[in-house]
Structure formats: structure tokens, C-alpha cells
Amino acid sequence: MGKYILRRLAGIIPLLFGISLLSFAVINLAPGKPVALENSLNPRVSARALERLEKLYELDKPVYERYWHWLKRTAALDFGRSFSDNRPVIEKIAERLPVTIIINLLSLFLIFAAAIPLGVRCALRPDGMLDKVMTAAMFFLFAIPTFWLALLLMNFFGINLRWLPVSGITSLNYEYLSPVEKVIDLLRHLLLPVTVSSLGGIAAMARYMRSSMIEALAQPYIRMARAKGLTERSVLYKHAFRNAVMPLVTIMGLSLPGLVGGSVIFESVFAIPGAGRLFYEAVMMRDYPLIMAEVVIVSILTMTANLLADVSYAWIDPRLRDKR
Amino acid sequence: MTGTLLSVKDLNVVFRHGLKEIRAVNRVTFDMRRRETLVMAGESGSGKTVTSLAICGLLPEGAASVSGSARFAGEELIGMPEAQLRAFRGRRIAYIFQEPSSFLNPVYSIGEQIAEAVRLHHGAGRAAALREAVKLLEMSGISDAQRAARSYPHQLSGGMNQRAAISMALACRPELLIADEPTTSLDMTTEAEIIKLLMRLKQEAGFSLLFITHNLAIAEHIADKVAVMFKGELVEYREKEELFASPEHAHTKELLAAYEKVGKF
């Protein structure tokens, strides 16, 4: 097992190299330059000033040379300074990343907590009333674009009902609240974004859980478990469940990048100061160092989480433990 | 201790497939005394397994409707509520099945699965139940029982798994053991060993054995009585010697002919 983890960790390095190379190429091929903003905002800027600016950002050099420079610096863990405000990139990300990680972890938790019982319930009576209603609801949720649903919910809960705040992560008077009120305030702000970012995942996971559970319940060892005289509860939650939940762990690992990518969209919609929105802003301003640093850090996080999912898979399935 | 243990009368099982009804078991009637070995023979699909599962309410709910009577030690099992039936399953009536490797749960160790039965019916603690599991495995002729208890089903051979399943079935000293083609998936040598083991354990523990098979050769070795099933009906049900000496039903003759043909090799 230890050997397997080491091998997987070593595999992250070439993958990171590929991701960074592609991202660097794509962002440089995209129209627009970091200097364009200064240019268009200030029509009187002189050609010489522009040239100096390009030189300052090293934009006068060819792409491959700049990539090589970037690679050397990054290997020494120096991500450079942001083009837009000259602050160290790593500092800007460190400010923004915790919110994003918290929202994603909460979403992940919500997805598991909602999808597993739902899927199991549907599997107990396939084609029963609950199953039919859930199937329809799930396809509906699956098909809805997240950003649109987010806007609808913001309008309904935030503006029509005035129950929940529509944007940001804290209220204006946050500083003056007691610790308990602070937590409540945070939760109220997080409720919509977390719900929205998990809905699609819940729909998909519940479908997987349902079919996985139906399959497990048809296995011979379930008949054996019943013949032993176990209660239906034990049969379902001890014997069928553990077998049924295994494929879900892998699917969860595979869907992580989607969840992280989704952060970019809903953080922008909900105006949450997280790493997703930072990335969006960086792309819009063609802030190359910031874009690249985010790509690298988020890739590492995603790949680590993926590895974690695979390791836990081996932990629940003894058949895999032997193979590795 | 030689009274009637199980008395099945006019047992019917009907499967519904949409609008179609399939009669899988039709008016099956037989008795089993304590310590008796009844071999139920017949080709695949003749209703042997369905009969054995119906006795303890193990057929899928909703898909199958069971009628008739099956009295076990005087108590009617057909129509008994699930919660009460559970007290019979495993504890007084135990099962072993055809493919031990798929009837054992792949994610729990052998020891855990046996200990589960011990804990369920005897209320033993975790450690005590595990010790008991190892003892049961030893009784089933597994030499390194400690290691077998720690193993998972995929790590053991079919024969070893069947021995484990037998240990599990006998964990609660049942009065009736229903063995549904327990040796069909095993090779000849292992088959002989498992049958010998079952007969030895039966001697020691004194349970009744309902042995389901399509192989009459086994019946000749172990049966007191033989029941032959054909298309959902019990077509012949007699003492072994009588049946082998003068088979009455055409299907019994066919089965015997097939057995003798194989026997000549």
C-alpha cells in the first residue's frame, strides 16, 4: 500500500507539468494582453510607455522562453507577483483559498449526506412512488444550469422572501457581531452557495447509489445474510451497503474536478471572495502569474483528493488491498 | 428425539411476472423426522431450491406467493410474520448454498461473518464470538483456523469457503440444515470431502439434513429417504432402498439411468 501511494504521488509530477504547459499555452493564445487594460483605459498612453510595460512584464520575450522562466521559478516555489497589484501571488491565493475549500468540503458532505440515504430509499422499492418522484426530480436537477438556478434562488429567497442574504460571505456589520452571531451570519451566507453547488452532485450520486444498491441487493450473499436470521436493517446497512458504496467513492473522486471548476461559476454569481472568483478575475485581467499559480495549486489539491479517494477505496474493499 | 421435525403439506409457490403466473412448486408434501437425511433430487428448474427457500420465507417478497403449510416442530412457518421467522432462521433452520464464494460477503472476513451469527443468536461478545468462530472452523476440518478466520472469501478456495459456510450454518446448533447443492461447484475430491464432513457433523450434532442435489449418486450414499421433484411436483417420495430397487415414476427412472451410465466409467 505504501509503495502504491508513493507511485501515485510520483505520478502527480508529470501530470502537473502537462497541465501547466497546456494552461500556459492556452492563456497566451487567448486574445488580449495584460497591458491591454492600461492601454484601453488610458488612450493617451504613449507607445514608449507601453513598450516599457511589456518589458517589465517580460511580454516581449517568446512564449516558450517565458514558460521556461516560469517553470524554473515555480520549481523553487516562487510564484511571482500579480500583474494587477504587484502583491505576491501566493499571498493573494492564501487569502482566498480557505473559503473555497470550506464551501467545497461542505458541498461534498452535503452530497454524501443527502445522496446516499436517497439512493438507498429508492433502491428498496425500485419503481415505487418515491423512486418515480425522485427519478423525475433528479433528472430535472441534473439538467438545470447551475448559474441560472443560483440566480432564481437568490431572487426568491433573497429578494422576494428576504430570508437570506444574496451575496458575499459576511454581512456589513460582521465585525460588530458576537461570536455566535458571526457563525450564524456565515452559515446564512453559505446556505445558498453550498446548496447550489451540491444539487447536481446529489442528483448524480443518488442515481449511482440507487443502481449500486439494487445490484448489491441482488447478490447471493444477501440471501445468505437473510438465511442467517439477520434483521433487515443489518442485511441492508451492513451487508448490502458496504458493497454498494464502494463504486461511489471512485465516482466521487472523479467528480472532484467538476466541483472545484464549479467554484469559479458560483463564486462569481454569489460574489464570494474565494479562489474561484479570484481565478475568474485573473483570467479577465490576463494576470498570467496569478492564473498559473491557481492552476498549479488547485491541480495539486484535486489530485491529492483523488488519491485519497482511491486509497479509501482500497481500504473498504479487501479484494483491492491484495492486488496493490 | 425421533418425532417429526418438519411437516410440509400442499406447499404451492407461484411467481408473478407481470400478468403471467408461473407455478414453481405445486402441492408438495413431505415429512422429515429428527436426525433424518432427506435427499431432494431433480433436474434444474424442478422447484427444489424454491421449495427449500419457501419453508423459511426467503423468497423475494411481492414476487412470489406461497400457500400451503410447513410446520416446524409444531409451529406453522407459512404466513408467520418476518420478525418471528427470523428467530428460526440461522438458529433452528440453517442454510448452505451452491456457490460458497458468492454467498459469503466479499468485504467481511470469514471470522467476522461466522462471529456475526454467533453474536446474533447467542448474544456473545465480540472477542468470545471470534474465538467461537475459530473453534467452528476447526470443527469443519480447517487446519489453520486462525488464519482462515482472518482471511476474506476471495483468498480461499471454493472448498475452504464451503467449509466456512458450514461452520457458519452450524454456529447456532440448528435442528435442520438445508444444503442446496453444496457440492455442485466443487471438484470431485473436494465434493467427497465436504459430504464426508457433513455426515460426520450430522453424527456429532444430530441435526436433520435436507440435501438438495441433481446427482442421485449422492443420494445412494447419504439418504434415508429420497424425494424426486419434476416440474414443480414431488413425483416420488420413498425410502432410499425402495426407490433404488423399484423406481416408479418415469423421471426417477431417467435420473437413475443417467446415474448408472455415469457409474460405468
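Chain A has 13 helices and 0 strands, where helices (H or I, at least four residues) and strands (E, at least two) are DSSP runs, numbered from the N terminus. Read from the N terminus on, the elements of chain A go α-α-α-α-α-α-α-α-α-α-α-α-α. Its C-alpha trace spans about 85 × 55 × 40 Å along the principal axes. All of this comes from a predicted model, in which local features need pLDDT of at least 70, side-chain atom pairs count only at pLDDT 80 or more, and totals for chains, interfaces and linings use all residues. Residues are numbered from 1 along each chain as its sequence is written, while chains are lettered from A and ligands numbered from 1 in the order in which they are written. The model scores ipTM 0.87 and pTM 0.80. For chain B, the mean pLDDT (the predictor's confidence in each residue, from 0 to 100) is 89, and 98% of the residues reach 70 or more.

Now for how the helices of chain A pack. Two packed helices are described by the angle between their axes and the distance between the axes. Helix H1 (residues 2-29) and helix H12 (residues 288-316) of chain A have axes that come within 10 Å and cross at roughly 150 degrees; axes are lines fitted to C-alpha atoms, for helices over the stretch in contact, and angles run from 0 to 180 degrees between N-to-C directions. H1(A) and H12(A) are therefore roughly antiparallel to each other, given that angles under 35 degrees count as roughly parallel, over 145 as roughly antiparallel, 65 to 115 as roughly perpendicular and the rest as oblique. H1(A) passes H12(A) in a right-handed crossing; a crossing is left-handed if the near helix is turned anticlockwise from the far one by less than a right angle, and right-handed if clockwise. Among the residues that make the contact are A:Ile5, A:Ile12 and A:Phe24 of H1(A), along with A:Tyr288, A:Val295 and A:Met303 of H12(A). Residues are in contact if their C-beta atoms, placed from the backbone, lie within 7 Å. By class, the contact of H1(A) with H12(A) divides into 16 nonpolar, 3 polar and 1 charged. Here Ala, Val, Leu, Ile, Met, Phe, Trp, Tyr, Cys and Pro count as nonpolar, Asp, Glu, Lys and Arg as charged, and the others, Gly among them, as polar.

H12(A) also packs with helix H5 (residues 89-124) of chain A, this time at an angle of about 55 degrees with the axes 10 Å apart. H5(A) and H12(A) are therefore oblique to each other, and their crossing is right-handed. On the H5(A) side sit A:Val89, A:Ile90, A:Lys92 and A:Ile93, which meet A:Pro289, A:Leu290, A:Ala293, A:Glu294 and A:Ile297 in H12(A). That contact has 7 nonpolar, no polar and 2 charged residues.

Chain B brings in sheets. One is an open sheet of 4 strands, in the order E2-E1-E4-E5, with antiparallel pairing; two strands pair if DSSP finds at least two bridges between them. Its edge strands are E2 (20-33) and E5 (75-76) of chain B, each pairing on one side only. Strand E1 (residues 4-17) of chain B joins E2(B) over 10 bridges in the antiparallel sense, and B:Leu6 stands opposite B:Met32 in E2(B).

Another open sheet of chain B has 6 strands in the order E6-E7-E8-E3-E9-E10, with mixed pairing. Strands E6 (93-96) and E10 (233-239) of chain B each have a single partner strand, so one side of each is left without a neighbour in the sheet. From one strand to the next, the twist averages 15 degrees. Strand E9 (residues 225-230) of chain B runs antiparallel to E10(B), with 6 bridges joining them; B:Ala227 has B:Tyr237 in E10(B) as its bridge partner. H7(B) packs on the sheet, touching E6 and E7 of chain B, and its direction makes about 170 degrees with that of E6(B).

Helix H7 (residues 158-170) and helix H8 (residues 188-205) of chain B pack at an angle of about 15 degrees, with axes 10 Å apart. H7(B) and H8(B) are therefore roughly parallel to each other. Their contact divides into 7 nonpolar, 3 polar and 2 charged residues.

Finally, the two chains meet: 19 residues of chain B are in contact with 18 residues of chain A. H4(B) gives the most to the side of chain B that touches chain A, with 3 residues. That side has 10 nonpolar, 5 polar and 4 charged residues.
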